[in-house]
Amino acid sequence: MNTTVRENRKSERSQPEQFVAPSASLMEEGDSYTLNVEMPGVNKEGLELSLENNELTIVGRRSLPVIEGSVIHRESRRENFRRTFELDPSIDGNRIGARMEQGILTVHLPKAEQLKPRKIAVS
């Protein structure tokens with residue numbers, strides 16, 4: 001099986017700040033891939049995406065409301081999110097796009113033009 005996007009966990013170890021890995025899903029859609037990453041509590045301003053040496057790093061910092069009074073019970077985690085994926089060279093890094101909507105980051109990963117099937121004219 002040829003892996004297009006592979007998680008790279010070793011770069012996460014050097015960070016002093018604590019992060020949790022968000023859940024992610026990857027789908028192939030014709031000439032591109034779509035990566036959905038769940039980051040509840042993160043808005044567009046708290047999001048950082050970077051691409052270096054075919055590694056896509058996603059960092060999401062939450063904007064949690066200030067709670068007045070004593071917390072009796074809390075099930076949500078307070079850590080921020082961080083995850084790094086190694087991208088296959090078949091992905092065109094110059095055309096990657098992303099949008100954040102209701103805690104779901106959607107990253108559009110287009111395939112490189114030279115890998116797309118094309119018709120050849122016969123003369």
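## A loop residue to start with

Gln102 sits in the loop between β8 and β9, where helices (H or I, at least four residues) and strands (E, at least two) are DSSP runs, numbered from the N terminus. The phi of Gln102 is near 50°, a positive value in a residue other than glycine. Most residues other than glycine have a negative phi. At 79% relative accessibility, Gln102 counts as exposed; the cut-offs here are under 20% relative accessible area for buried, over 50% for exposed, and partly exposed in between, using a 1.4 Å probe and protein chains only.

Asn54 is a second residue to look at, found in the loop between β5 and β6. Its phi is near 65°, again a positive value in a residue other than glycine. Asn54 is partly exposed, with a relative accessible area of 35%.

## What you are looking at

This is a predicted model, in which local features need pLDDT of at least 70 and side-chain atom pairs count only at pLDDT 80 or more, while totals for chains, interfaces and linings use all residues. Residues are numbered from 1 along each chain as its sequence is written, and side-chain values use heavy atoms, with hydrogens and water left out.

How many of the seven residues of strand β9 are buried? Five of them are, so this strand, residues 104–110, is largely enclosed by the rest of the structure.

Now for the pairing of β9, where two strands pair if DSSP finds at least two bridges between them. Strand β4 (residues 32–38) pairs with β9 in the antiparallel sense, over seven bridges. In this pairing you can find Tyr33 opposite Leu109 of β9. Strand β8 (residues 97–101) also runs antiparallel to β9, and five bridges join them. Here Glu101 stands opposite Ile104 in β9. The hairpin of β8 and β9 has two residues between the strands, and Gln102, with its positive phi near 50°, belongs to this hairpin.

## Salt bridges

A salt bridge here is a side-chain nitrogen of Lys or Arg within 4 Å of a carboxyl oxygen of Asp or Glu. By this rule the count comes to four salt bridges. One of them joins Glu28 to Lys111, with the closest N and O atoms 2.6 Å apart. Because Glu28 lies in strand β3 (residues 24–29) and Lys111 in the segment after β9, the pair ties together parts that are 83 residues apart in sequence. Which end of this pair is buried and which is exposed? Glu28 counts as exposed at 52% relative accessibility, whereas Lys111 counts as buried at 15%.

Another salt bridge links Glu48 and Arg61, whose closest N and O atoms are 2.9 Å apart. Glu48 belongs to strand β5 (residues 42–52) and Arg61 to strand β6 (residues 55–62), so this pair ties together parts that are 13 residues apart in sequence. Both ends are partly exposed: Glu48 has a relative accessible area of 45%, and Arg61 has one of 29%. Also among the salt bridges is that of Arg95 with Asp92, where the closest N and O atoms are 2.9 Å apart. Arg95 is partly exposed, with a relative accessible area of 37%, while Asp92 is buried, with a relative accessible area of 18%.
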